[in-house]
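Let's look at a protein model together and work through a few questions about it. Keep the 3D view open as you read.

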Amino acid sequence: MSSQRPSAVPAAVVDLVGFAAYSELAEFGLLATRSVDAPDLAVRQALADGADRALDRERAVLAVVEGSAAEVMAPFADALTEFDTRTRTDDWAEGVLKGVVGHGVAQDFCRALAAGVEDPVGKKLREVLDRPAPGPAAGAEAGADAEAIEVLGRLGAGDEVLASRLALWGRRVVGEALSLVTVLLDQHPGLDELAARAPAAHGADEVEPDGARTWLVARLTAEHTRRMDRLRLAA
């Protein structure tokens with residue numbers, strides 16, 4: 001039986017909220033897991049802080065619409081299964097980078113689409129998605145990944161072999177993440193509708209409707225490159 005969507009918010013926006021919230025829940029799980037076997041206590045605490053913030057962000061995103069968390073996120077319950085299968089790794093640093101890259105692309109995707117959501121819902125959603133990391137991580141990445149980015153940047157700076165390996169791994173993960181974006185747009189017409197609006201919402205009025213996906217992938221790729229630069233890893 002399909003869940004009933006709240007009438008006050010367009011179905012496409014509920015879809016966006018559902019995926020944004022689900023991606024935060026997935027990031028919580030990844031950071032919490034990697035925290036358990038972190039190389040030292042400081043890193044363990046840093047990743048735990050990021051995991052805690054991911055749950056806070058999930059709740060804040062879900063508060064934008066009515067309905068239970070399970071109802072709103074249900075359409076995306078299996079959205080990351082293929083991505084997780086194709087990016088499975090037993091290496092600790094690669095696992096953390098998987099979260100940074102995968103979650104980063106998901107966040108950038110949601111922010112790009114949220115730009116086309118009309119106020120007041122759009123304003124509330126953008127405030128949550130753009131919320132920067134608090135405390136020592138402030139000014140770094142918006143979201144739950146600031147500590148993970150700092151940890152990986154420090155490890156890579158002290159180990160050229162690790163940095164080279166992580167750069168290669170990052171390219172693999174971002175390829176899978178961008179493929180997932182295409183799948184999401186194919187499977188969820190509401191998200192595809194918002195993606196079609198995104199270029200104009202960002203001031204790219206010259207983009208034709210059938211070029212919106214190309215524009216979106218280019219934007220996500222540029223944001224990924226910026227993120228890898230902060231990690232001092234070649235994109």
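Q: How do the residues of the lining of the largest pocket divide into nonpolar, polar and charged?
A: This is a predicted model, and its largest pocket is lined by 26 residues. Sorting that lining by residue type gives 13 nonpolar, eight polar and five charged.

Q: Which helix gives the most to the lining of the largest pocket?
A: The pocket holds about 460 Å³ of space. Helices H1 (11–36), H4 (81–86), H5 (92–114) and H8 are the elements that give two or more residues to its lining. With 10 residues, the one that gives the most is H1.

Q: Which residues lie nearest the centre of the largest pocket?
A: To find them, look among the 26 residues that line the pocket. Those nearest its centre are Ala26, Leu30, Phe83, Asp84 and Lys98.

Q: Is H8 roughly parallel or antiparallel to H10?
A: Helix H8 covers residues 160–187 and helix H10 covers residues 212–230, and their axes come within 11 Å and cross at roughly 155°. Angles over 145 degrees count as roughly antiparallel. Therefore H8, relative to H10, is roughly antiparallel.

Q: Is the crossing of H8 and H10 left-handed or right-handed?
A: Here the two helices meet through residues including Leu166, Val174 and Leu185 in H8 and Leu216, Leu220 and Met228 in H10. The residues of this contact divide into 10 nonpolar, four polar and two charged. As H8 passes H10, the crossing is right-handed.

Q: Is H5 roughly parallel or antiparallel to H6?
A: H5 and helix H6 (residues 121–129) pack at an angle of about 155°, with their axes 10 Å apart. The cut-off for this class is an angle over 145 degrees. So H5, relative to H6, is roughly antiparallel.

Q: Is the crossing of H5 and H6 left-handed or right-handed?
A: Start with the contact, where Cys110, Arg111 and Ala114 in H5 meet Leu125, Arg126 and Leu129 in H6. These residues divide into four nonpolar, no polar and two charged. The crossing in which H5 passes H6 is left-handed.

Q: Is the peptide bond from Asp119 to Pro120 cis or trans?
A: Pro120 sits in the loop between H5 and H6. Most peptide bonds are trans. For the bond from Asp119 to Pro120, however, omega is near 5°, and the bond is cis.

Q: What is the phi of Arg232?
A: You will find Arg232 in the segment after H10. Most residues other than glycine have a negative phi. Arg232 instead has a positive value, near 60°.

Terms used: Residues numbered from 1 in each chain as written. Predicted model: local features only at pLDDT ≥ 70, side-chain atom pairs only at ≥ 80, totals over all residues. Heavy atoms only, no water. Axes fitted to C-alpha atoms, helices over the stretch in contact; angles between N-to-C directions. Helix = DSSP H or I, 4+ residues; strand = E, 2+ residues; numbered from the N terminus. Parallel < 35°, antiparallel > 145°, perpendicular 65-115°, else oblique. Left-handed = near helix turned anticlockwise from the far one by under 90°. Contact = heavy atoms within 4.5 Å. Nonpolar A, V, L, I, M, F, W, Y, C, P; charged D, E, K, R; others polar. 1 Å grid on protein atoms, 1.4 Å probe; cavity = no way out; pocket = protein on both sides within 12 Å on 5 of 7 lines; lining within 4 Å. Points joined across faces, edges and corners; volume = space filled by probe spheres on them.
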